[in-house]
Amino acid sequence: MAEAAANSRPQHRRAPLPASLIWGGVLLTVILALAIAGPSLSPYDLDALQLDMRLMPPSAVHWLGTDEFGRDVLSRVLNGAQSSLLMGFGATAVSLLFGVPLGLVAGYYRGWADEAIMRAVDVMISLPPIILGLLILSVTSPSLWKTVLAVGFVYIPIITRLTRGITLEVASEEYIQAARARVEGGWYILFHEILPNAWPPIIVESALRVTFAMLLAAALSFLGLGVQPPASDWGLMIAEARPFINSAPWIACSAGAALCVTVIAINLVGDGLREALDPRLARRR
Amino acid sequence: MTDHVLKVEDLSVSFPQSGGRARILHNVDFALERGTVLGIVGESGSGKSTAALAVLGLLDNGGSIDSGRVVIDGEDLYAKSAEERRQLRGGKISIVFQDPFTTLNPAIRVGRQIAEPLVMHRGMTEAEARAETLRLLKEVGIPDPERMAASYPHQLSGGMKQRALIASALACDPDVLILDEPTTALDVTIEAQILDLLDSLRITRSLSMLFISHNLGVVSRICDEICVLYAGRVVEYGKSASILTEPRHPYTKGLLASLPKMSRERHRLQPIPGRLPDVRKPLSGCVFAPRCHFAEPRCQTTPPAITPIGEDVAAACWRASELARTPWRIESSETIPRRVDAGDGKPIVVARDVERTFEAGGAMDGISFSLDGWVPRVSFGRKVVRAVDKVSLTIHEGEIVGLVGESGSGKTTLGRCLIDLISPTSGEVAIDGAQLLNASRSEKRDLLKRAQIIFQNPDSSLNPRKSIGETLERPLELVGLGREERQRRVAELLDLVRLDASYAERYPHQMSGGEKQRVGIARALSTNPRFIVCDEAVSALDVSVQASILNLLLDLREQFKLAYLFITHDLSVVSYIADRICVMRNGTIVEVGSTEAIIDRPQHPYTKALLAAVPKVPELRANLDR
């Protein structure tokens with residue numbers, strides 16, 4: 001039936017954007033807006049302790065209740081968005097920045113470059129992410145930016161492997177041979193011929209990575225090597241609320257729900273982008 | 001009364017598609033007589049594979065039967081429950097698929113794969129199944145069944161795998177064997193052996209076969225009857241010998257006229273213009289009318305029913321009987337001359353002692369450990385395969401050199417060595433008198449403006465992310481043309497390959513295979529080369545499209561005095577297009593000669609074997625009369 005489809009007139013009009021991209025985009029925009037406006041929107045001071053109002057359930061005064069120090073959960077969730085999103089996106093950007101070129105080089109040039117890169121990747125991947133993150137962070141003093149770099153570094157091998165796999169496939173296509181037949185440089189072949197065809201799976205994986213990175217950063221913060229209390233961060237909030245999960249579930253649930261919605265929004269966008277970026281998929285809609 | 005083991009009556013099948021259902025088969029009728037072979041012939045999109053799956057009751061992807069019956073040995077397949085259907089099919093029909101390289105499970109021994117259904121369906125014990133497996137393997141001509149049964153699929157050649165698949169198809173002792181392009185993936189000599197095998201099986205087992213193929217030569221070799229499908233409709237149906245020598249339907253005439261034949265004289269091929277109709281659009285009149293130059297007003301309005309013409313053929317064409325002896329087009333008596341004397345042109349490409357070896361495995365595979373007495377030894381060095389072994393070849397201006405050989409002969413490697421896509425291990429390649437190997441990058445870029453390549457697979461030779469305009473502009477950008485000049489040249493190139501200028505804005509997925517191949521040719525032409533390597537450039541195309549591409553390549557040769565190295569496994573195509581033919585085997589050229597000499601007086605036994613194996617289509621009666 002591909003034949004039949006090819007017979008149809010080409011569509012010069014742009015195909016409509018996929019629904020997942022629109023909904024995900026809207027959701028993500030709202031979340032980003034809240035993250036930016038968070039500090040000015042929050043009804044209470046972030047660190048205002050109200051020791052007489054500890055672990056209060058949601059009420060008209062405190063919409064999402066209070067935590068074990070009597071701090072307003074809604075304010076903390078709103079404020080926590082910034083650091084969580086920053087760590088998620090920042091770390092993913094770091095891993096893409098290094099992982100994609102390494103994967104392209106390994107997959108296209110093969111030989112010793114491939115062996116060297118992939119064995120290094122094997123070593124990194126054999127360590128549990130959290131241990132690797134701890135290892136990196138333990139040699140310096142903790143800070144938000146170092147956490148971003150460390151988490152990004154931890155995910156480089158995954159992006160490298162993925163990119164290499166796709167590159168291997170794309171490099172065997174005849175249009176790459178055609179590019180070599182007109183003596184294109186390696187840079188052009190890697191970034192203009194291969195990369196545009198490798199993007200879709202990388203984008204989907206990146207969307208997934210953002211969420212993992214947010215969770216790993218949260219875990220590192222919990223272990224004292226990431227964001228430091230009393231700063232607010234969703235991961236840190238969940239970690240801190242863990243002892244009260246039975247008596248005051250609203251703390252962990254609020255931060256968890258925020259994380260959850262963000263993850264869904266990012267995944268929707270990732271899925272939608274893949275569809276929108278691929279001219280072959282665009283036709284099927 | 002004839003004994004029909006399989007009957008398909010008024011079968012219509014449709015598949016879901018965006019905005020409704022698309023009908024893929026329209027009221028198809030055919031019947032398979034016991035002990036005969038019926039060929040289902042058609043180009044891609046004709047619905048031939050769908051027909052096979054419908055007969056098996058294996059339609060997937062939402063395909064459904066809209067009308068009609070499939071009658072197997074007197075029982076209606078689709079009137080039964082799923083379970084009864086499975087049983088009816090299991091004992092009566094088996095299928096052999098096209099690609100022996102992917103049909104066998106690579107993780108299971110061949111013997112096990114054949115024995116499994118014997119235990120499952122025929123209730124044999126393990127020992128019985130094993131004995132039966134060996135017997136089946138012997139029956140399909142495998143010299144050492146014991147060893148074969150113990151092998152994994154990757155240890156076997158393509159021909160052996162196909163034999164094993166046929167053996168497993170025979171395991172349930174079927175009455176009907178469906179063969180879906182069973183020899184398309186195989187080399188021509190292997191193909192001949194498989195066809196011989198099928199022939200003998202038909203006699204010894206009185207097996208009936210439904211043989212699906214696009215290759216008219218193969219069909220003519222094995223089939224008693226032919227059913228020609230076009231856009232999901234039977235357009236011609238009848239005795240094979242009659243249809244192939246005296247086609248009644250214009251489509252069949254066109255197909256045969258598109259076919260390059262092995263002959264000394266070369267007439268221009270006569271492809272069928274246009275393309276398959278859009279299955280989503282409703283159609284009044286004859287489905288072939290838009291591409292048919294015999295069409296009359298009534299053809300546009302009323303579809304012709306398939307009606308008997310003479311004794312042994314039926315065709316769906318209003319004018320079938322009056323056109324019985326009329327060829328697709330009056331063949332011009334003018335022949336396209338071959339360049340017999342290669343000495344007059346100046347040499348464009350000179351390859352001397354080109355050798356290319358490949359090392360097997362990855363970088364780490366080269367290190368091996370062994371024990372020398374008690375002393376462990378580490379040795380380096382990998383297994384070396386010699387793909388091209390000291391080949392010398394000269395190609396002159398305006399000359400078409402055909403390079404034929406079977407898979408693994410090294411012909412593709414040699415072609416790529418000539419333009420340094422693969423660097424030769426040793427030897428020299430000169431283009432226009434300048435050395436290509438060891439040249440600096442800018443020198444190389446300069447040389448490769450004059451030597452380009454056209455690839456086999458239209459789906460993989462264009463970057464799906466780039467519009468045709470971008471693809472064609474890039475080589476021009478590299479030679480330093482300005483933006484406006486580039487766009488002018490792109491329009492010029494598209495015109496050269498007979499595509500509309502608006503194609504510059506299209507993306508590859510919006511084009512048909514033939515159109516993509518034209519873009520591939522335009523890209524190769526963009527820098528005004530003198531020499532082009534055509535690596536199986538027409539092998540992936542349908543016959544009618546192939547014919548128009550061959551015509552185009554010949555025209556371009558005349559226009560620009562281009563030289564081609566035409567690499568192919570298809571001897572008919574090469575004997576049509578080439579002035580000179582090189583036969584390659586195991587990395588060396590075993591015979592070189594003018595096309596005429598190679599076809600008429602082959603010297604090397606391998607060349608003789610190749611030529612003998614090519615399935616031929618009989619000459620049209622209309623041509624013989626002249």
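Predicted model: local features only at pLDDT ≥ 70, side-chain atom pairs only at ≥ 80, totals over all residues.
Let's begin with chain A. The UniProt record, an unreviewed entry, puts a feature called "domain: ABC transmembrane type-1" at residues 81–270 of chain A. So what is the helix and strand content over that stretch? Residues 81–270 of chain A come out at 83% helix and 0% strand.

Now, how does chain A meet chain B? On the chain A side there are 25 residues in contact, and they touch 37 residues of chain B. Which elements of chain A give two or more residues to that side? They are helix H1 (2–7), helix H4 (111–126), helix H7 (174–181), helix H8 (186–222) and helix H11 (279–284). H7(A) provides the largest share, 6 residues. By class, the side of chain A that touches chain B has 11 nonpolar, 5 polar and 9 charged residues.

Over to chain B, then. Chain B is divided into domain 1 (4–245), domain 2 (256–337) and domain 3 (348–450 + 527–625). If you take the centres of domain 1 and domain 2 of chain B over C-alpha atoms, 29 Å separate them. Contact between these two domains involves 17 residues of domain 1 of chain B and 14 residues of domain 2 of chain B. On the domain 1 side, strand E2 (20–33), strand E10 (233–239) and helix H10 (240–245) of chain B each give two or more residues. E10(B) gives the most, with 7 residues. That side of domain 1 of chain B has 9 nonpolar, 4 polar and 4 charged residues.

One last stop, a sheet in chain B. Picture an open sheet of 4 strands in the order E16-E13-E18-E19 (chain B), paired antiparallel. Strand E16 (384–396) and strand E19 (434–435) of chain B are the edge strands, each pairing on one side only. E19(B) pairs with strand E18 (residues 426–431) of chain B over 2 bridges, and B:Gln435 in E19(B) is the bridge partner of B:Ala430. What packs on this sheet? Helix H13 (residues 411–418) of chain B does, touching strand E13 (347–359), E16 and E18 of chain B. The direction of H13 makes about 125° with that of E13(B).

Terms used: Residues numbered from 1 in each chain as written. Chains lettered and ligands numbered in written order. UniProt positions renumbered as here; feature names shortened; annotations may be inferred. Contact = placed C-beta atoms within 7 Å. Nonpolar A, V, L, I, M, F, W, Y, C, P; charged D, E, K, R; others polar. Pairing = 2+ DSSP bridges. Axes fitted to C-alpha atoms, helices over the stretch in contact; angles between N-to-C directions. Domains from an automatic or database assignment.
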